[in-house]
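Have the sequence and the 3D view open as you read.

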Amino acid sequence: EGVDTRIRDLGPGEPLFNMDDLRRVIKDLSPHASPDCTGHRAGHMQAIFRGRRELGSPQRRAQDAILELLHQLVREPDRVGDNEFWVYFTGAKLATIPRPVGSQNLFFKIISAVLDRKSSAQFCELSGAGHLGHTPSGVMAAALMAQMELDYAVSVPEEPRVILKTDATKAFQHASRGNIYHMLTQHDTLKATFAPWYAHTQRLTQRMVYPSSTMDTAIIEASGGITQGSISGTKLFCVGTAMLVAGLQATGGGTSVVTAITDDITLHGSVAEVERMEAAREELQRAPNYLVNNDKQSIYTVHEQHVVELRARFPQHEVVVVGGKIGFTLGGAPLGGDEYIKDALLESLEETKRAIEAIFKLESKQEQLLLLRSCITGRIVHLLGAVPPGISKEFAEEHDRAVYDALARILDIPGGKFTMREYWQVQRRLSDHG
């Protein structure tokens, strides 16, 4: 009721996406993914779109037919069937793990991926400035803002300032689909393009399949939640909680800052500002159905003299004094005392060294080199971006030595040492004669 499934504001011949959009999405599909509920694999579709593109060729006719089918499915969804068709077309959730995974029709995945790419900028715009999880370098920005808050708090010991780090209980499963649809209709472009597709594919009930030890399975029709890991899942969750984040920021005012990395919402500010946001949060959480996980909430401060006051004003939260070997992580970045950050860097370095040793269990040098380039060299980059250079320099150098030694072993460099020319070549891209 109250759901408009028509594509509006587009001329009769105006496409929602074109052949280039479709080719890019199909090219990026994982060819090794399991087949969908109809038996089709991504490799089948890729084989069609790798074929000849000359007009009139069999491959081109097949490509044009698929483009037209998918486009009409999005543009005129009411023509293909009632709700029962869409329930089966969008697949089901297999609930054998705490966070259900989805099994979806290949065509549904392709259409969702195309619309997701075409609407990415609009999703970011609708989510608001506080949602940083799906923006470039957004997670790093959230960590740096928390570090700036800690640094500022050190400079004003007479003013108690805090960071409240919170999390949601089964955030994606509890997300309100009706609220997400309402938010999509508040943006002119998404209202005309993405909202109708969402109304047919995700606003309806979805099957939850619970396999048992016997041949019988339990199937429950769920009318809420988002499949975590789905193509637009994270962006839709951010859209659904946009008003929550914006409302908290407006309530805090003053020097307060609210950041969100998907369902992890962090409040920064004075005690009075954070108290105001806490008081308003219960009402703001109702529409998106954001349920706070009380076991994952803590108040962080840098001044021990404020602990008694903070415990009295925030009795429902644990109060933690940051410093020395005590700190916390935000977006994977360690924040707090120097010793805490060093311990986190050391742990990351040891994990990297263990991963490098695991690579050498492979017999193929080509596979070893591929894993070293793809899985090892970027492991510490995120940490280095959020940690002061004075602390991270020693660990960065040790990390580089481990990578260089591993590369020398793979390439059988005599004595395991690079010449100065080879040392600089390693740091360059292959396209730049590296």
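Helix H9 (residues 177-184) is largely enclosed by the rest of the structure, because 6 of its 8 residues are buried. Those buried residues are Arg177, Asn179, Ile180, Tyr181, Met183 and Leu184. Here buried means under 20% relative accessible area, exposed over 50%, and partly exposed in between, with a 1.4 Å probe and protein chains only. Helices (H or I, at least four residues) and strands (E, at least two) are DSSP runs, numbered from the N terminus.

A word on the source: this is a predicted model, in which local features need pLDDT of at least 70 and side-chain atom pairs count only at pLDDT 80 or more, while totals for chains, interfaces and linings use all residues. Residues are numbered from 1 along each chain as its sequence is written, and side-chain values use heavy atoms, with hydrogens and water left out.

Back to Leu184, which is among the residues with the most contacts inside the largest nonpolar core, along with Leu22, Ile110 and Ile265. That core has 64 residues, and its largest share, 7 residues, comes from H5. A nonpolar core is a set of buried Ala, Val, Leu, Ile, Met, Phe, Trp, Tyr and Cys residues joined through side-chain atoms within 4.5 Å. Another core, of 14 residues, lies apart from it and includes Ala142 and Val322.

| Residue | Residues in contact |
|---|---|
| Leu184 | Phe123, Leu126, Leu190, Lys191, Phe194, Ala195, Tyr198, Leu236, Val239 |
| Leu115 | Phe17, Val74, Phe194, Trp197 |

Leu115 sits in helix H5 and counts as buried because its relative accessibility is 4%. Its C-alpha atom is 6.9 Å from that of Phe194, 79 residues away along the chain.

What do the buried residues of H1 pack against? They pack against helix H2 (42-49), helix H3 (58-75) and H5. In H1 (residues 19-27), the buried residues are Met19, Asp21, Leu22, Arg23, Val25 and Ile26.

H5 (residues 106-118) also gives the largest share, 6 residues, of the lining of the second largest pocket. A pocket is an open set of points on a 1 Å grid over the protein atoms alone, where a 1.4 Å probe fits, with protein on both sides within 12 Å along at least five of seven lines; lining residues have an atom within 4 Å of a point. Of its 20 lining residues, Leu29, Ser30, Ala33, Leu106 and Lys109 lie nearest the centre.

Definitions and conventions:
Contact = heavy atoms within 4.5 Å. Lists of a residue's contacts leave out its neighbours within four places in sequence.
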